[in-house]
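Subject: Handover of a structure for your review

Dear colleague,

Please find below the structure that I am passing on to you.

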Amino acid sequence: MSFSQSTSAALTDDAVRCKQAWAALDEVPDPEVPALSVCDLGIVRAVRADGAGLEIVLTPTYSGCPATEVISQNVRSAIDAAGLGPARVTLQRAPAWTTDWISESGRSKLTAYGIAPPGPTVRTDGSFPIHFYGRGSQARLNCPRCNSGNTERLSAFGSTACKALYRCLSCREPFEHFKPI
């Protein structure tokens with residue numbers, strides 16, 4: 001085998017390994033929102049193969065996220081369980097994570113789980129919308145259970161700082177809303 005053939009075979013093996021790693025990571029649930037995988041949430045930014053194994057690049061949802069260590073360990077465990085290790089996790093904090101990184105599949109899974117998904121934070125022209133709401137007023141959300149727009153915010157914070165607590169006035173069910181960041 002020539003040098004170019006062995007280099008080409010190594011590149012192909014690395015690409016296959018990375019693809020298999022993405023599939024394994026798509027099965028790792030987020031510890032705070034288990035309906036989503038870490039890939040659905042968009043915190044897995046890259047998978048790179050090199051001579052020392054795999055590098056998994058993660059961007060935490062915010063710099064002080066208490067689940068970062070658990071996620072890192074679960075990612076390494078999933079790669080090892082798939083026989084793709086060794087793996088190391090690199091945390092990349094810039095650019096900062098945004099809810100725009102949640103996949104369409106992830107948004108659907110949030111709704112099915114009973115959490116209203118966030119709206120976009122960046123417009124198609126690349127600008128960032130700024131919203132001002134008077135006291136007691138906020139954007140109306142559709143209920144993830146009955147799709148009614150007749151909802152009210154009960155609290156700016158839900159079970160985690162990234163969610164707000166709402167109630168549907170039609171079906172009377174409470175639900176959380178994943179805030180756009």
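Which residues does Arg-107 touch, leaving aside those up to four places away in sequence? They are Thr-99, Asp-100, Ile-102, Pro-117 and Pro-118. Please bear in mind that this is a predicted model, and that the contacts and distances below are computed from it.

Arg-107 itself belongs to helix α4, which covers residues 104–113. Its relative accessible area is 13%; because this falls under the 20% limit, Arg-107 counts as buried.

Gly-42 lies in the loop that links α2 (38–41) to β1 (44–50). Beyond residues up to four places away in sequence, Gly-42 is in contact with Trp-97 and Trp-101. Trp-97 is 55 residues away from Gly-42 along the chain, yet the C-alpha atoms of the two are separated by 8.0 Å.

I turn next to the strands. β1 and β2 run antiparallel and are joined by six bridges. The two form a hairpin, with two residues between them. Within this pairing, Arg-48 stands opposite Glu-55 of β2. Strand β2, residues 53–58, is mostly covered, as six of its six residues are buried.

β2 also pairs with strand β3 (residues 87–91), here in the parallel sense and over five bridges. In this pairing, Val-57 is set opposite Thr-90 of β3. Together with helix α3, which spans residues 68–81, β2 and β3 make up a β-α-β unit that is right-handed.

Is Cys-171 buried, exposed or partly exposed? Cys-171 is partly exposed, because its relative accessible area of 28% lies between the limits of 20% and 50%.

With kind regards

Technical notes
Residues numbered from 1 in each chain as written. Predicted model: local features only at pLDDT ≥ 70, side-chain atom pairs only at ≥ 80, totals over all residues. Heavy atoms only, no water. Helix = DSSP H or I, 4+ residues; strand = E, 2+ residues; numbered from the N terminus. Contact = heavy atoms within 4.5 Å. Buried < 20%, exposed > 50% of the residue type's maximum accessible area, 1.4 Å probe, protein only. Pairing = 2+ DSSP bridges. Right-handed = clockwise from strand over helix to strand, strands pointing away.
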